[in-house]
Amino acid sequence: GFNDGTIVRYNISQNDGGALVRVSGTVTNALVHNNTFYVKAGLANPREAAPPRIIFHKTWQGWSDGVAYVNNIIFNESRAAVYELGESRNNRFEGNLFFGVHPASEPADARKLTADPRFVRVRGATDRHSAAAAYALQPDSPAIGNGAILPRAAPHDYAGRTIVIRPDGVDRGALVFIPAP
């Protein structure tokens, strides 16, 4: 497959309707890590008569196999949003933070957190630069320093800051916490 080992990391999504993460076809051994997703209340799927999908796996000449979701923050305020994994196989969810509305389709994650991630200004992004300020972690965020350390980790976060490896792990989400001087 041409889609083996894909990595999607350090992105911010605010109110992206339809499907925030869409995996189509025979994707194998993909890693989706350290992303921040915000889903507003009342978000609609603009393309179809389906609910907004936070994660959506679909067939396209086959199903995905072995997609891992690690250290992501999903802040969901939509009662309509769902997770649809279809017939995909061997998906793994590890150390993600799920906050807000928890649909029945929310994936199992043995290391998940469900506390408020304590963003600086949730819902506050208007462009790429303001996203880095709005979705930064506050000093009391439960997402600081307890995410899984991954091989082949990126050297920088969404804002271009150096990833910090703390004693118990890395920060979850797309932005590392940088204390004020």
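User: Which residues have the most contacts inside the largest nonpolar core?

Analyst: Happy to start there! This is a predicted model, in which local features need pLDDT of at least 70 and side-chain atom pairs count only at pLDDT 80 or more, while totals for chains, interfaces and linings use all residues. Residues are numbered from 1 along each chain as its sequence is written, and side-chain values use heavy atoms, without hydrogens and water. A nonpolar core is a set of buried (under 20% relative accessible area, 1.4 Å probe, protein chains only) Ala, Val, Leu, Ile, Met, Phe, Trp, Tyr and Cys residues joined through side-chain atoms within 4.5 Å. The largest one has 19 residues, and those with the most contacts inside it are Ile-12, Phe-119, Tyr-135, Tyr-158 and Leu-175.

User: Which element gives the most residues to this core?

Analyst: Helices (H or I, at least four residues) and strands (E, at least two) are DSSP runs, numbered from the N terminus. Strand S8 (73-76) and helix H1 (128-134) are the elements that give two or more residues to the core. The one that gives the most, with three residues, is H1.

User: Which residues does Leu-175 touch?

Analyst: A contact here means heavy atoms within 4.5 Å. Leaving out residues up to four places away in sequence, Leu-175 touches Ile-12, Ala-131, Ala-132, Tyr-135, Ala-136, Leu-137, Asp-157, Tyr-158, Ala-159 and Arg-161.

User: How many residues are in the second, separate core?

Analyst: Ala-30, Ile-55, Val-67 and Tyr-83 are included in that second core. Its total is 18 residues.

User: Why is one side of strand S3 and of strand S9 left without a neighbour in the sheet?

Analyst: Two strands pair if DSSP finds at least two bridges between them. The open sheet has three strands with parallel pairing, in the order S3-S6-S9. S3 (19-24) and S9 (82-84) stand at the edges, so the reason is that each has a single partner strand.

User: In S6, what is the bridge partner of Ser-24?

Analyst: S3 and strand S6 (residues 53-58) pair in the parallel sense over five bridges. For Ser-24, the partner in S6 is Lys-58.

Terms used. Buried < 20%, exposed > 50% of the residue type's maximum accessible area, 1.4 Å probe, protein only.
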